[in-house]
Amino acid sequence: MRQRILWYVGGAIALGFLQKLLFDRLLVFGAKPDAMLLLAVWIARREGQSFGTTAGFVIGLLMDLLHGTMGLDAFAKTVSGFVAGFFSNPDDLEKVSNFLIATAFAALFGTSAYELVSTALQAPFFKWTLSAVATSLYNLPFAYLFFEGTKRFT
Amino acid sequence: MRQLLDFIIYDFRQYILLVVFCLISLALLVNRDTPALHAIRGASVELFGAIETPLKTWNRYFGLIDENAALLATNAELSAEVSRMRTAQIENEKLRELLNCKAETPRALRFAHVVDRTFHPERNLFMIDAGSQDGVEVGMAVLTDKGLAGRIILTSPHFAIVQPVINSDFKVSVVSEKTRLLGVVHWSGGDIETAQLLHIPASRKIEVGERLLTTEFSSFANANIPVGTVEQTETSDNDLFQRIRVRLSVDFSTLEHVFVDLTKPNVEQNQLRARYREFQ
């Protein structure tokens, strides 16, 4: 278990820098590929909801250090990790469809949480809905690539 | 009792964790301006800046052709500007002699590269490779040859974070060059080339194409720095204020170099403002 946690931490740091240096620049309609979200979903499906929620929080904190606003990403990724935990059925671990659905829901709820907190509940409904749906859809192709790339670790 | 506790902790631990982590996150968000969190962020900025700088140098090497073309264009513009400035300087000197005024001391500026940019629909940020060891302090204005780019909001020894004009938390008081109307330039997301000019009464006339300059009473910037030009005005019968679109002076899509105005922020004024905010 300890070795797995070390792998997760190492992966989180590497993906964090990849996110900051590359993915943050691929912004489309307010949505961007979220490598850290994919990692949180991957961990939550594999380890369960409690571990996923914790992993989401830690991953979010890491992103907060890189992005700027302390607490915002931690909040969003905690929600994403928690939501992804509902898809942690061991029988579905090797199903790509399950991973994509988990990613879509985690992105939808995580982005909604992010938008609602970052705008202090002031954002118009359509604005955060658009952002949440766009993020959710935009991440699906990346989720597929991520799943295929990490298949042998599943 | 113990069985009940075990039952709750075992069966509902994911919900307990969710609530606890969300509360911690919100607590961090609310207290993000505390010195401890600033220190942690400063350290992470320093670490990330150290990693980002070599990558930026690599990118800069391959971008030299485009950069050279842009510099040639800027050089041509500046040459024309210098000719105009020389004429204006001669005229200015004559007027100054008449008024017996001393020439103002040029402000100290620190050149810096933009080494990182955080892209966000509303809260863009930049990191520059000048920090507290270079005399950069929180609250200082950041400029380019075109005008105001933003202000420093966080520093580490070798790097600083800039809150640019294209950040929805940024506001700057401006005055229109000809009509001398006072307003506030604010960017609320979307197009990074335009912002809004707020608080101009519907009854007052402001001209399209008029330049907007920083005011004497800005909390961080010196006066008369260009911020943008009025691009479109709109007034409806029911509004007290005009809706004014401003084309920003600085092109943030190609921003790579900036100057930090090393004029120290007026601490007394800022403290007074802070006290007033507390008072409210």
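**View 1. Apart from neighbours within four places in sequence, B:Glu231 is in contact with B:Thr194, B:Val208, B:Arg245, B:Val246 and B:Arg247, where contact means heavy atoms within 4.5 Å.** The model shown is predicted, and for that reason local features need pLDDT of at least 70 and side-chain atom pairs count only at pLDDT 80 or more, while totals for chains, interfaces and linings use all residues. Residues are numbered from 1 along each chain as its sequence is written, chains are lettered from A and ligands numbered from 1 in the order in which they are written, and side-chain values use heavy atoms, with hydrogens and water left out. B:Glu231 sits in strand β10 (residues 226-234) of chain B; here helices (H or I, at least four residues) and strands (E, at least two) are DSSP runs, numbered from the N terminus. Its relative accessibility is 26%, so B:Glu231 counts as partly exposed, on a scale where buried means under 20% relative accessible area, exposed over 50% and partly exposed in between (1.4 Å probe, protein chains only). A network of salt bridges links B:Glu231 with B:Glu193, B:Arg245 and B:Arg247, a salt bridge being a side-chain nitrogen of Lys or Arg within 4 Å of a carboxyl oxygen of Asp or Glu. B:Phe159 is 72 residues away from B:Glu231 along the chain, and the C-alpha atoms of these two residues are separated by 35 Å.

**View 2. A salt bridge joins the side chains of B:Lys178 and B:Glu207, with 3.7 Å from N to O.** The pair links distant parts of the chain, 29 residues apart, since B:Lys178 belongs to the loop between β6 (171-176) and β7 (182-186) of chain B, and B:Glu207 to the loop between β8 (194-198) and β9 (211-214) of chain B. B:Lys178 has a relative accessible area of 59% and is therefore exposed, whereas B:Glu207, with 34%, is partly exposed.

**View 3. In chain A, A:Lys77 forms a salt bridge with A:Asp34, and the closest N and O atoms are 2.9 Å apart.** A:Lys77 lies in helix α4 (residues 72-84) of chain A, while A:Asp34 lies in the loop between α1 (2-21) and α2 (35-47) of chain A, so the pair ties together parts that are 43 residues apart in sequence. Both A:Lys77 and A:Asp34 are buried. A:Lys77 also meets A:Asp73 in a salt bridge (3.7 Å, N to O); A:Asp73 and A:Lys77 are both in helix α4 of chain A, 4 residues apart, or about one turn of the helix. Over all chains, the structure holds 13 salt bridges.

**View 4. Strand β2 (residues 125-128) of chain B points B:Leu125 and B:Met127 one way and B:Phe126 and B:Ile128 the other way, and all are buried.** In a regular strand the side chains alternate between the two faces of the sheet. β1(B) and β2(B) run antiparallel and are joined by 4 bridges, where two strands pair if DSSP finds at least two bridges between them. These strands, β1(B) and β2(B), form a hairpin with 6 residues between them, and B:Asp116 stands opposite B:Met127 in β2(B). Strand β5 (residues 160-164) of chain B is also antiparallel to β2(B), joined to it by 3 bridges, and B:Val162 in β5(B) is the bridge partner of B:Phe126.

**View 5. The contact between the two chains takes 30 residues from chain B and 34 residues from chain A.** B:Phe21, B:Arg41 and B:Phe119 supply 20% of the area that chain B buries against chain A, more than any other three residues. The area buried between chain B and chain A is about 2,900 Å², and carbon and sulfur atoms give 69% of it; buried area is the accessible area (1.4 Å probe) that two parts lose on being put together, summed over both. Between chain B and chain A the count is 0 salt bridges, but 4 residue pairs are in polar contact (both at pLDDT 80 or more). A polar contact is a pair of N or O atoms within 3.5 Å; within protein, one must be able to donate a hydrogen and the other to accept it, and residues adjacent in sequence count only if both atoms are side-chain atoms.

**View 6. B:Gln14 is found in helix α2 of chain B, and its side chain makes a polar contact with the side chain of A:Gln49 (3.5 Å).** With 15% relative accessibility, B:Gln14 counts as buried. Leaving aside neighbours within four places in sequence, B:Gln14 is in contact with A:Gln49, A:Ser50, A:Thr53 and A:Phe82.
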